[in-house]
Amino acid sequence: MNPLLQHIRKFIALDNWEAETVLSYFETESFRKKQIMLEEGQICNKQYFITKGCVRFYINNRKGVEQTLQFGIENWWIADYLSFQEQIPSHFYIQAIEPIETLSIDRKSFEALLLELPKLERYFRLIIQKSFGASQTRIKYLFTMSAEERYHHMNSRFPEFIQRVPQYMLASYLDFSPEFLSKIRAGKV
């Protein structure tokens, strides 16, 4: 079964006609490893459901250093939601870490899909609420946990990222240097 339909059905029921209708609004897109999917200054015109691979959502900070804010793997959504909704230039980048496959939907199609199948409003609301809650929790951890605690927490909750993501990106996400990450992994902290 299509991974997107499986994901939607975890939250709401879809009959066969509704499932076919959903898929008719999406297109399959693939991206090469390291390919930029969204660049700062562009308007985010698509939301991506990741069917295979890993991506990151990042900024360039004041020092010109890339700061990873979020990762996405299979069965996760990725987009700059403010840019997508308001049609304003993005302040973020989205980049494929691995070769990835997605199901994408543009803004016009997204709005049409929600008009045709209003029950999907519930699905997307629940997804956004989960994403927002995860962002709030991450901010809390950045302010309340030591760097070493953040690494061990991430390693225990999301070991798949530790294996898949380059060390410098993981260090950036956890808000410390790659050198410090090496010390943590070596047990020297």
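Colleague: Why is Asn 75 called partly exposed?

Modeller: In this predicted model, Asn 75 has a relative accessible area of 32%. Buried requires a value under 20% and exposed a value over 50%. The 32% of Asn 75 falls in between, so the residue is called partly exposed.

Colleague: Where is Asn 75 found, and what is its phi?

Modeller: Asn 75 is found in the loop that joins β5 (66-72) to β6 (77-78). Its phi is near 70°, a positive value, although the residue is not a glycine. Most residues other than glycine have a negative phi.

Colleague: Is Lys 34 buried or exposed, and how do you know?

Modeller: Lys 34 has a relative accessible area of 58%. The limit for exposed is over 50%, so Lys 34 is exposed. Lys 34 lies in the loop between β1 (27-31) and β2 (36-38), and it has a positive phi of about 75° without being a glycine.

Colleague: What makes helix α8 largely enclosed by the rest of the structure?

Modeller: Helix α8 comprises residues 167-174, and six of these eight residues are buried, so the helix is largely enclosed by the rest of the structure. The buried residues are Met 169, Leu 170, Ala 171, Ser 172, Tyr 173 and Leu 174. Just after α8 comes Asp 175, with a positive phi of about 70°.

Colleague: How do you know whether Leu 113 counts as buried or exposed?

Modeller: The relative accessibility of Leu 113 is 0%. Buried means under 20%, so Leu 113 counts as buried. Leu 113 belongs to helix α4 (residues 107-116).

Colleague: Which residues does Leu 113 touch, not counting those up to four places away in sequence?

Modeller: Leu 113 touches Thr 21, Val 22, Tyr 25, Phe 26, Ile 105 and Leu 120. Each of these has heavy atoms within 4.5 Å of heavy atoms of Leu 113, so each counts as a contact.

Colleague: Why is the chain called as compact as a globular protein of its length?

Modeller: The chain has nine helices and eight strands. Its radius of gyration is 18 Å, close to the 16 Å that the globule rule gives for 189 residues, so the chain is as compact as a globular protein of that length. Of the 189 residues, 41% count as buried. Among the contacts with a separation of 6 or more, 69% are between residues 24 or more positions apart.

Colleague: Which residues does the UniProt annotation "domain: Cyclic nucleotide-binding" cover?

Modeller: According to the unreviewed UniProt entry, that annotation covers residues 10-122. Over residues 10-122 the chain is 25% helix and 36% strand, and the end C-alpha atoms are 12 Å apart.

Methods: Residues are numbered from 1 along each chain as its sequence is written. This is a predicted model: local features need pLDDT of at least 70, side-chain atom pairs count only at pLDDT 80 or more; totals for chains, interfaces and linings use all residues. Side-chain values use heavy atoms; hydrogens and water are left out. Helices (H or I, at least four residues) and strands (E, at least two) are DSSP runs, numbered from the N terminus. The radius of gyration is taken over C-alpha atoms; the globule rule is 2.2 Å times the number of residues to the power 0.38. Buried means under 20% relative accessible area, exposed over 50%, partly exposed in between (1.4 Å probe, protein chains only). UniProt positions are given in the numbering used here, feature names are shortened, and annotations may be inferred rather than shown by experiment.
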